[in-house]
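Hi,

Here is the structure I promised to pass on. Have a look first, and my notes follow below.

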Amino acid sequence: MKNHARCWIVGAGAVGSVLAALLHQNQTVETCLVGSSVHAEEIQKKGLFFQIADHKPSTVPIRVCAPDQVPALGEKDLVLMTGKVPLLDRTLRWLRPKCGPEGS
């Protein structure tokens, strides 16, 4: 992850939220959870209540943005797709124009 400037986690469900919390706690890369669901909006407002096994629970202040707020992506950007498969075509339609030639 050290070679990446930013990590965009597309899909603010359970898997995406956990990945965002883990990456945020690791603090090795700027992380943004991308979603437009009610769940994503709540994470943006209140943070994500998160607990790993035997660790103390905490509220993780995860950065959240809507799909239309994702800027043009560069070589050092990493996109992790965690959304539902039936939404993949729709997701790729808004994401593809944001990718440079290396990501197309």
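**Notes on helix α1**

The buried residues of α1 pack against β1 (6-10), β2 (30-34), α2 (38-46), β3 (48-50), β4 (58-60) and β6 (77-81). Contact here means heavy atoms within 4.5 Å, while helices (H or I, at least four residues) and strands (E, at least two) are DSSP runs, numbered from the N terminus.

Bear in mind that this is a predicted model: local features need pLDDT of at least 70, side-chain atom pairs count only at pLDDT 80 or more, and totals for chains, interfaces and linings use all residues. Residues are numbered from 1 along each chain as its sequence is written, and side-chain values use heavy atoms, with hydrogens and water left out.

Which residues of α1 are buried? They are Gly16, Ser17, Ala20, Ala21 and Leu23. Buried means under 20% relative accessible area, exposed over 50%, and partly exposed in between (1.4 Å probe, protein chains only).

Serine 17 sits in α1, which covers residues 14-26, and it counts as buried because its relative accessibility is 3%. A polar atom of the serine 17 side chain is 2.7 Å from the backbone oxygen of glycine 13. Setting aside neighbours within four places in sequence, serine 17 has contacts that include Leu33, His39, Ile43 and Ile62.

Finally, just after α1, glutamine 27 has a positive phi of about 55 degrees.

Cheers

Conventions
A polar contact is a pair of N or O atoms within 3.5 Å; within protein, one must be able to donate a hydrogen and the other to accept it, and residues adjacent in sequence count only if both atoms are side-chain atoms.
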